[in-house]
Every structure is written in C-alpha cells, then in structure tokens.
Amino acid sequence: MKLIIANWKSHKNREAVEKWLDDFEGKYTAQVEKQVVICPPMSSLMFVSNRLLNREKNKDVYLGVQDISPYPAGKYTGAVSTENLNGFNVRYAIVGHSERRRYFHETHNDVANKVAQCIDAGITPIVCVDDEYISSQAAAIPQEHLIKCIVAYEELSAIGSGKNEPVEHVKEVFAEIKKYFGSVKLIYGGSVDVDNVQDYLSFCDGVLVGTASLDVSDFIALL
Ligand code: PGA
C-alpha cells in the first residue's frame, strides 16, 4: 500500500478548503493499492474530518495533521494535543518537518516526545529527516517507538524548489535510514509532482507532497 500524503502547510482558508474538497470529490476515483492522506492546517481539521467521514465517497482517503504537541493534554497554551484530536479520525501525524525545525526551533527531543504522544494515542508518526541528522534523530527516539514510525526523507534543497532529489541519492539515504530506524516504511518528499512521482513510487512506500497538492487538478493528476 503506497501512501500519498498531501501537506497543505499553512495555505488555504476555510473557503479554499471547501472548494478543494468539492473538486476533489468530483474528480477522485478510489485508488488501487494507494492510501491518500490529507494534512490540512489545524484550523480546517474539523471540517475536513467531517467530510472524510463520508467513507463511501472517500474510500482510501485519510486524515493527518502537520504537527502535534510534544506534551499530553494540559496547561500548554496554543498546543494541540493528541487528546484534542480524539474523535476526528486522525490516522497520521507529520513530526519534525524541516520547516518546524527551522522556524519553530524544534529539537530532536521535541520530535521524540511527539512520536511518543502519537504512539500512545494510536496515531502513526511520520518522522521527517534529512541527510545530516538521521542518526541523531533516531538516537533520541526509544527503540520500541522507532519501529512504529514511518520515516520521510526530505532534503532541504528539494523542498518547494522544483528540484527533486535524484532517485539514486534517495536510495542511498534510505539505506542509511534503515541502519538506524530498522525496517520501517520509507517515503520521499521534496518537489514531488506528476512528472516524477512514478520514479519514487517504484521503490518508496509513499510520497509527501506539498506544492503539487495545493491545486486539486495537480493532485488528481499526480494520483
Ligand atoms: P514540496 O513540499 O512538495 O512543495 O517540495 C514537500 C514538503 O515539504 O513536505
């Protein structure tokens, strides 16, 4: 089963989300051997969740979040805990995205705590790594949690740049990830689009798609 994960980042207001879902439902046909995961901004989570609960139309479409609190429910103003997500049918959480590390100063320990929160709540963490910190990120995560992660390799220079990482290099990095994380599912992200998605899906367990998921026609073409 291949995962095709749409990461909308902080794009789209409610109206744009509604329009995207309308267009998507009009054009989407159930996928063979693929799971589509939509990760909307938190502000649209309830809305997207309600729409996705209509399982007949949206077979194989699941909900993910772009981030999660490293803490349990409690006095953490502004944070969204796994308890807050209860009832929304959230199946996946992206953790440690390079934009979270860069702009919100997340550390390996924060990411490890987010992984722990997800696993406790039955949410599958999608841990993002780049070349440089695979081993240090893995070292911060307890062994029993490592095997429950999906790992997304996203090279910084490939994100949002239109310069997707060469397949040969992605394969080398995957081999490195396996050394530290074990035999986890491995996905690639960074300028994945309709023209290159097949190159990655031939050997990856899925792809993380930012820019090419924003426009519904682009995303449908990619699927
Ligand atoms: P991109 O984003 O597809 O726009 O490169 C991917 C990501 O950051 O997850």
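**Rings and a ligand**

Let's start with Phe 174, which is buried, with a relative accessible area of 6%. Keep in mind that you're looking at a predicted model. The cut-off for calling a residue buried is under 20% relative accessible area, so Phe 174 makes it at 6%.

Now for the aromatic rings. To describe a pair of them, you give the distance of the centres and the angle of the planes. Searching the whole structure turns up ten aromatic pairs. One of them is Trp 20 with Phe 24, a stacked pair at 4.9 Å centre to centre with 15° between the planes. Both residues sit in helix H1 (residues 14-27), four residues apart, or about one turn of the helix. Trp 20 counts as buried because its relative accessibility is 3%, and Phe 24 counts as buried at 1%.

Back to Phe 174: its ring centre is 5.8 Å from that of Phe 203 and the planes are at 55°, so this pair is tilted. It links distant parts of the chain, 29 residues apart: Phe 174 is in helix H8 (residues 167-181), while Phe 203 is in the loop between helix H9 (197-201) and strand E8 (206-209). Phe 203 is partly exposed, at 24%, and Lys 171 lies over the face of its ring, 5.0 Å from the centre.

An oxygen atom of the ligand is 2.5 Å from an N or O atom in the side chain of Thr 211. Taken alone, the ligand exposes 280 Å², and the protein buries 99% of that.

Key. Residues are numbered from 1 along each chain as its sequence is written. This is a predicted model: local features need pLDDT of at least 70, side-chain atom pairs count only at pLDDT 80 or more; totals for chains, interfaces and linings use all residues. Side-chain values use heavy atoms; hydrogens and water are left out. A polar contact is a pair of N or O atoms within 3.5 Å; within protein, one must be able to donate a hydrogen and the other to accept it, and residues adjacent in sequence count only if both atoms are side-chain atoms. Accessible areas come from the Shrake-Rupley method with a 1.4 Å probe; for residues, only the protein chains shown count as cover. Rings of Phe, Tyr and Trp (its six-membered ring) pair if their centres lie within 6.5 Å; planes under 30 degrees apart count as stacked, over 60 as edge-to-face and the rest as tilted. Helices (H or I, at least four residues) and strands (E, at least two) are DSSP runs, numbered from the N terminus. Buried means under 20% relative accessible area, exposed over 50%, partly exposed in between (1.4 Å probe, protein chains only). A charge sits over a ring if NZ of Lys or CZ of Arg is within 6 Å of the ring centre and within 35 degrees of the ring normal.
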